[in-house]
Amino acid sequence: MASRARDIIDPQPGFVPADADALNARFASVDSAAMLCELLSNGALGTPLGRVAVVSSFGTESAVLLHLVAQANRNVPVVFVDTLKMFAETMAYRETLIEQLGFTDSSIVAPHAAVLQAKDGTGLRWSWDPDGCCDIRKVEPLRRAKQGLDSWVSGRKAFQSSTRQNLPRFEIEDGRLKINPLGDWTKDDLEAYFAAHDLPRHPLEAKGYLSVGCEPCTSTVAPGEDPRAGRWRGWDKTECGIHSSGDSASAPSGENGGELPPGYEPVF
Ligand code: SF4
């Protein structure tokens with residue numbers, strides 16, 4: 001009897017840096033909308049990105065990426081990390097965009113109550129250890145959400161800060177493919193897209209909040225100031241850590257675990 005050919009099932013798409021390089025080359029001159037349509041179209045074998053989701057902060061610029069993804073495939077899951085320190089306006093804006101853009105699969109991931117109790121029992125960790133606070137409230141929940149994903153779509157843009165320069169459209173992070181469709185977009189590009197598609201604005205933008213994160217760590221921005229200057233104002237901190245590889249969130253920074261430093265008197 002002739003031997004039968006065996007089917008080989010690869011359980012993981014297993015994206016590697018060469019895949020990111022190939023995708024960067026392939027889509028080099030393709031605009032973001034066409035690129036996402038091709039990547040997120042749901043054929044018989046699913047999307048070429050495997051298990052994919054878009055992660056959104058529902059900030060002041062988020063509507064652009066969400067609109068682009070919705071045009072490609074409204075069934076792509078939309079993940080939001082609720083740090084439990086969000087503005088009420090952000091929560092309302094999330095509902096508005098999800099409904100208006102017609103997404104069918106939206107979810108919220110939040111920090112574990114037990115972790116908060118152990119590491120941020122006062123709820124004031126942001127005031128003395130913002131890196132540790134971001135670790136337990138943002139990075140760890142997102143790490144959990146990404147565990148079942150092969151790839152994810154991010155809204156990062158190169159112009160937002162010096163730490164985001166030379167942002168590729170495709171990169172590998174912790175073994176997953178990360179797509180930055182807006183990586184090379186300018187502020188003017190975003191504004192033009194908002195106008196062309198009549199997208200709703202974040203309710204706080206008109207009040208001077210040009211970049212919106214958690215309520216305790218976000219302030220208004222003066223005319224002419226860097227839009228992200230209102231984030232962690234007064235701290236030498238520009239990123240929350242969710243765009244760093246390593247998934248190190250299980251060990252919050254700071255020397256005192258969940259305790260306030262000796263002699264610290266919170267005034268908030
Ligand atoms: S932005 Fe502020 S409140 Fe939000 S997780 Fe980071 S430190 Fe905590």
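I take helices (H or I, at least four residues) and strands (E, at least two) as DSSP runs, numbered from the N terminus.

**Entry 1. Ground rules**

I am working on a predicted model, in which local features need pLDDT of at least 70 and side-chain atom pairs count only at pLDDT 80 or more, while totals for chains, interfaces and linings use all residues. I number residues from 1 along each chain as its sequence is written.

**Entry 2. The chain**

I counted eight helices and six strands. Along the sequence I read the pattern α-α-β-α-β-α-β-α-α-α-β-β-β-α. For burial I use C-beta atoms placed from the backbone: a residue is buried if 20 or more other C-beta atoms lie within 10 Å of its own, exposed if 12 or fewer, and partly exposed in between. By that rule 35% of the 268 residues count as buried. I call two residues in contact if their C-beta atoms, placed from the backbone, lie within 7 Å. Among contacts with a separation of 6 or more, 75% join residues 24 or more positions apart.

**Entry 3. Positive phi**

Most residues other than glycine have a negative phi. I looked up two residues with positive values. Phenylalanine 58 has phi near 55° and lies in the loop between β1 and α3. Is phenylalanine 58 buried or exposed? It counts as buried because it has 26 C-beta neighbours inside 10 Å. Aspartate 198 has a phi of about 50° and lies in the segment after α8. With 6 other C-beta atoms within 10 Å, aspartate 198 is exposed.

**Entry 4. Helix α3**

I found nine of the eleven residues of α3 buried, so the helix is largely enclosed by the rest of the structure. The buried ones are Ser62, Ala63, Val64, Leu65, Leu66, Leu68, Val69, Ala70 and Ala72. Their cover includes α2, β1 (52–55), β2 (78–81), α4 (88–101), β4 (151–153) and α8 (187–197).

Angles under 35 degrees count as roughly parallel, over 145 as roughly antiparallel, 65 to 115 as roughly perpendicular and the rest as oblique. A crossing is left-handed if the near helix is turned anticlockwise from the far one by less than a right angle, and right-handed if clockwise.

Helix α2 (residues 32–40) packs on α3 (residues 62–72) at about 45°, with the axes 8 Å apart. The two are therefore oblique to each other, and their crossing is right-handed. Ser32, Ala33, Leu36, Cys37 and Leu40 of α2 meet Leu68, Val69, Gln71 and Ala72 of α3. I class Ala, Val, Leu, Ile, Met, Phe, Trp, Tyr, Cys and Pro as nonpolar, Asp, Glu, Lys and Arg as charged, and the others, Gly among them, as polar. The α2 contact with α3 then has seven nonpolar, two polar and no charged residues.

For α3 and α8 I noted an angle of about 60° and axes 9 Å apart. This pair is therefore also oblique, with a left-handed crossing. Ala63, Val64 and His67 of α3 make the contact with Leu190, Tyr193, Phe194 and His197 of α8. By class, the contact of α3 with α8 has five nonpolar, two polar and no charged residues.

**Entry 5. The ligand**

I count a residue as near a molecule or strand if its C-beta atom, placed from the backbone, lies within 6 Å of it. The ligand is surrounded by 13 residues, of which Pro130, Cys133, Cys134, Cys214 and Cys217 are the closest. Helix α7 (residues 130–146) gives the most to this shell, with five residues. The shell has eight nonpolar, two polar and three charged residues.

Key: Axes are lines fitted to C-alpha atoms, for helices over the stretch in contact, and angles run from 0 to 180 degrees between N-to-C directions.
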